[in-house]
Amino acid sequence: MRALLLGTLLSAAVFAGQFMPNSACKECHPLIYEEFQSSMHANSTIFKDPIHKAVWNIHPLKKKGSYDCAACHTPAADNLQKLIAPGDVVPDENDESQNQGVSCAYCHRIKDIKIGLKQNINILNEKPKLYYGTKQDHIKSPFHEIDTSNANFLKGNVCMGCHSHKKNRFGLNLCSTNENMEIEKSECVSCHMPKVAGSVSTLKETQKHSFHGFAGAHRYNEMLSKYVDIEFLPRLEDFEIAVNSKAPHDLLLHPLRVSFLKVTVIRNGKQVFNKKEIFVRIIGSDGKPTPPWKAKEVVKDTMIKANEKRSVKFGFKLQKGDKIKAVLGYRLVKPPMLKKLNLQNDETAKKVYVLKKAEFTL
Ligand code: HEC
Ligand code: HEC
Ligand code: HEC
Ligand code: HEC
Ligand code: HEC
């Protein structure tokens, strides 16, 4: 038991401490605070993310009272290590600290990242009010100290404690942006936190600040669509549509996701052709899909890879004047999983999201 407990503790954040609540930042950073409230980081807990909750509900660790997910989904909890360790301490909606998500103070106190086999570990500083940042020309804050010399923050490596990789007990990588575990120069910030209009704080007027809504698959995907192009390649006998992704990771990452390219041809106002190409990564064992905790292999992987240009052939002969419409979209939860997770009535889980649309005329 002792050994088991120790193992679990080590896989969590090493430092358990009190974090300033997000609301403490609102007064001086109102714009950043508002954006953050709408982000998946503010909504990463089982109380606010129905998809995360649905998977937790059927997870074998739930029966053991071991909310192992907390290290990344509820990292600002006062009782983080007890939540993670097996036992009677389970997630509690009335605990304010468990409702903070990947909180402002948590993220800004990440001092270092330790590379781990199953997942990485965030090492935090021990001062509740010492925050790392990247703005060299900042003024002093009356509320907290600022340190802009942390190399992990400067290079955007700060994301790698949680997003690098997550392996299960069979060593299968369930989800990763960083397959080769090179945390240097991860550069996530340039696309997911672009500079947008509005002041960093109320105490000194600045033109711009870094977007804290964290553009992603749930929210603000329109900010990411410019990193994917749809190209039309006409041929004599058929035609091709290419999806050109400039993302440095798979187009979608979580194993619940499914993406598609839907193509229709309109001739004289009528639809004469339509086809959907699916891009998906399925994990499982013995060639069949399983939940992540049982998966031993990648059963199928047609997901668009990092920096890949994927061409799809459509065996259809076009005529002059044809209009070709292409839609690149996705769902957060694969349709066959909706019922299994009891999410068939959840709008976020059911919805079809559009990342990019294009129209061409021959
Ligand atoms: C190492 C950090 C880490 C741990 C531990 C972790 N997760 Fe996650 N989880 C993430 C990250 C990062 C994402 C976002 C992935 C993405 O969007 O591609 C995520 C996303 C998810 C999603 C998708 C949510 C949505 O709204 O679409 C589910 C479901 C999920 N996790 C379930 C769990 C469960 C259940 C556990 C515990 C048994 C767990 N996770 C443990 C990092 C982690
Ligand atoms: C009383 C006002 C006040 C409060 C409250 C406050 N801040 Fe700040 N903060 C500032 C000022 C002023 C700056 C400097 C802004 C500038 O130079 O443009 C700043 C800058 C920062 C920076 C930027 C560092 C950099 O240079 O990149 C971070 C990070 C930060 N604050 C985090 C927080 C967090 C997290 C909270 C809540 C826990 C918080 N702040 C609450 C006033 C405040
Ligand atoms: C403490 C762990 C942690 C850290 C550090 C972290 N994330 Fe996340 N991130 C998560 C979790 C957990 C989720 C999934 C939340 C959910 O869907 O329930 C997530 C989700 C996301 C999403 C998906 C949003 C969406 O709309 O689908 C993006 C994009 C993202 N993170 C980017 C970043 C970037 C960029 C950084 C670094 C600046 C970062 N994250 C740092 C844990 C973390
Ligand atoms: C060149 C721009 C670019 C960079 C750099 C980038 N991403 Fe992304 N990211 C994207 C695009 C495009 C998507 C797809 C968004 C969609 O489908 O709505 C995406 C999606 C995501 C998602 C959501 C995936 C899912 O399945 O829910 C997460 C999480 C994420 N990125 C994290 C990261 C992290 C962490 C880094 C740094 C290692 C990073 N990204 C670097 C462009 C980028
Ligand atoms: C997932 C990690 C993460 C979370 C959560 C987070 N930040 Fe940040 N924040 C960053 C990163 C990374 C930067 C640097 C961005 C850059 O270099 O462009 C940053 C930049 C800042 C800055 C510097 C000014 C700017 O806009 O460039 C301030 C101030 C700040 N954050 C405050 C906050 C506050 C307040 C919250 C919560 C309401 C918060 N942050 C939540 C990662 C995070």
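1. I115 sits in the loop that joins β1 (110-114) to β2 (121-124). This is a predicted model. The relative accessibility of I115 is 46%, so the residue counts as partly exposed. The C-alpha atom of I115 lies 9.9 Å from that of H165. Along the chain, I115 and H165 are 50 residues apart.

2. Next, the charged surface. K64, K118, K166, R169 and K296 form a positive surface patch. One of its members, K166, belongs to strand β5, which spans residues 165-167. K166 has 39% relative accessibility and is therefore classed as partly exposed. Membership of a patch calls for over 30% relative accessible area, and K166 stands at 39%.

3. N22 deserves a look. This residue is placed in the loop between α1 (2-10) and α2 (30-37). Is N22 buried or exposed? N22 is buried, because its relative accessible area is 5% and the cut-off for burial is under 20%.

4. The side chain of S201 reaches the backbone nitrogen of L203, at a distance of 3.1 Å. S201 is located in the loop between β7 (195-197) and β8 (208-210). With 14% relative accessibility, S201 counts as buried.

5. Check the backbone at N268. Phi there is near 50°, a positive value, and the residue is not a glycine. N268 falls in the loop between β11 (258-267) and β12 (270-279). The relative accessible area of N268 is 78%, so this residue is exposed; the class requires over 50%.

6. N342 lies in the loop that runs between α11 (335-340) and α12 (347-350). Its relative accessibility of 62% makes N342 exposed.

7. N22 is buried at 5% relative accessible area, and S201 is buried at 14%. I115 is partly exposed at 46%. N342 is exposed at 62%, and N268 is exposed at 78%.

Note on methods
Residues numbered from 1 in each chain as written. Chains lettered and ligands numbered in written order. Predicted model: local features only at pLDDT ≥ 70, side-chain atom pairs only at ≥ 80, totals over all residues. Heavy atoms only, no water. Patch = residues over 30% accessible without salt bridge, like charges linked within 9 Å, V, L, I, M, F, W, Y side chains within 5 Å. Areas by Shrake-Rupley, 256 points an atom, 1.4 Å probe, with all protein chains shown as cover. Salt bridge = Lys/Arg side-chain N within 4 Å of Asp/Glu carboxyl O. Lys, Arg positive; Asp, Glu negative; His and termini not counted. Charge placed at Lys NZ, Arg CZ, Asp CG, Glu CD. Helix = DSSP H or I, 4+ residues; strand = E, 2+ residues; numbered from the N terminus. Buried < 20%, exposed > 50% of the residue type's maximum accessible area, 1.4 Å probe, protein only. Polar contact = N/O pair within 3.5 Å; in protein donor to acceptor, adjacent residues only side chain to side chain.
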